[in-house]
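Try each one before you read its solution.

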Amino acid sequence: MRALTALADPTRRRIVELLAEGERSAGQIAAEFSTSRPGVSRHLRVLREHGLVRARDDGQRRLYSLDPAPLAELDGWLARYRPFWSNRLDALDTEIRRRQRRAGQGK
Amino acid sequence: MSDGLCSLRLTRRYAAAPDEVWGALSDPGSLARWLAVPRVIELRRDGRFELELPGGGRVEGRVREVEPGRVLVLDWRYGEEAPSIVRFELSADGEETVLVLEHSRIEESLGMVYIARWSGAVERLGERIAR
């Protein structure tokens, strides 16, 4: 829900898209938009608050990049559920056959 | 949501008619054998269900959509995990039934769906999933 709210805004989606290509400074990001620099900073703040983007200081500049944590979390989720469902659906096949045999005997 | 990347999608083919697959999918006794022991199961829209997984975990949720012999959509809430959606869809194919299971993580990861679509991360993620 958190990430979703942050990404409802098209400018923020575009920023995420830009950062997917690599680290950028606020100035480099702002150069891509007609929005004012403070406007871009505000969007960056929202993205950081939602855990999508992180920042680090590099001398005078502040560099922004995508936070990989949510993706890693998602990856873990998939790694857990894929074998779970795969095994369950095989077990469903066994159960369907069992029911068919039972129905056959009933006739 | 169904881009196959952030939602999990599995397809299986069963040598049975959709009604037979549905029986095995929804009958409490059968459910206990292939999925989990249903402590509660109200197979109607907004009906409650509660499953006890073999490993000891518990899944709770509600029925979002039910169309006997064809579609079952569940709100899936496992432990402390963010709620997600599990959808079973059956379709007849000759003498057989094709089941498509889709487990999508709606809330937190919907944002990730966007990111995955746009970024190079999608390829890395895809490779990991394919393995």
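**Exercise 1.** Find which residues of helix α1 (residues 18-26) of chain B are buried, and work out how they are arranged around the helix axis.

*Solution.* Start with what you're looking at: this is a predicted model, where local features need pLDDT of at least 70, side-chain atom pairs count only at pLDDT 80 or more, and totals for chains, interfaces and linings use all residues. Residues are numbered from 1 along each chain as its sequence is written, while chains are lettered from A and ligands numbered from 1 in the order in which they are written.

Next, pick out the buried residues (20 or more other C-beta atoms within 10 Å of a residue's own, with C-beta atoms placed from the backbone). In α1(B) they are Pro18(B), Val21(B), Trp22(B), Ala24(B) and Leu25(B). Now look down the axis of α1(B): these buried residues fall within an arc of 165 degrees (taken from the directions from the helix axis to the C-beta atoms). They therefore line one face of the helix.

**Exercise 2.** List the elements of chain B from the N terminus on, then say where Asp46(B) is found.

*Solution.* Helices (H or I, at least four residues) and strands (E, at least two) are DSSP runs, numbered from the N terminus. Chain B has four helices and seven strands, in the order β-α-α-β-β-β-β-β-β-α-α. Asp46(B) sits in the loop between β2 (37-41) and β3 (48-52) of chain B. Its phi is positive, about 75 degrees, although Asp46(B) is not a glycine. With 11 other C-beta atoms within 10 Å, Asp46(B) is exposed, because the cut-off for that is 12 or fewer.

**Exercise 3.** Describe how helix α2 (residues 10-20) of chain A meets α4(A).

*Solution.* First, the axes, which are lines fitted to C-alpha atoms over the stretch in contact, with angles from 0 to 180 degrees between N-to-C directions. Those of α2(A) and α4(A) come within 10 Å and cross at roughly 75 degrees. The two helices are therefore roughly perpendicular (65 to 115 degrees).

Then the contact itself (C-beta atoms, placed from the backbone, within 7 Å). From α2(A) come Thr11(A), Arg12(A), Ile15(A) and Val16(A), and from α4(A) His43(A), Leu44(A), Val46(A) and Leu47(A). These residues divide into five nonpolar (Ala, Val, Leu, Ile, Met, Phe, Trp, Tyr, Cys and Pro), one charged (Asp, Glu, Lys and Arg) and two polar (the others, Gly among them).

**Exercise 4.** Where does Pro68(A) lie?

*Solution.* Pro68(A) is in the loop between β3 (61-66) and α5 (69-106) of chain A. With 12 other C-beta atoms within 10 Å, Pro68(A) is exposed. Pro68(A) and Leu52(A) are 16 residues apart in sequence, and their C-alpha atoms are 7.9 Å apart.

Conventions: Angles under 35 degrees count as roughly parallel, over 145 as roughly antiparallel, 65 to 115 as roughly perpendicular and the rest as oblique. Two residues are in contact if their C-beta atoms, placed from the backbone, lie within 7 Å.
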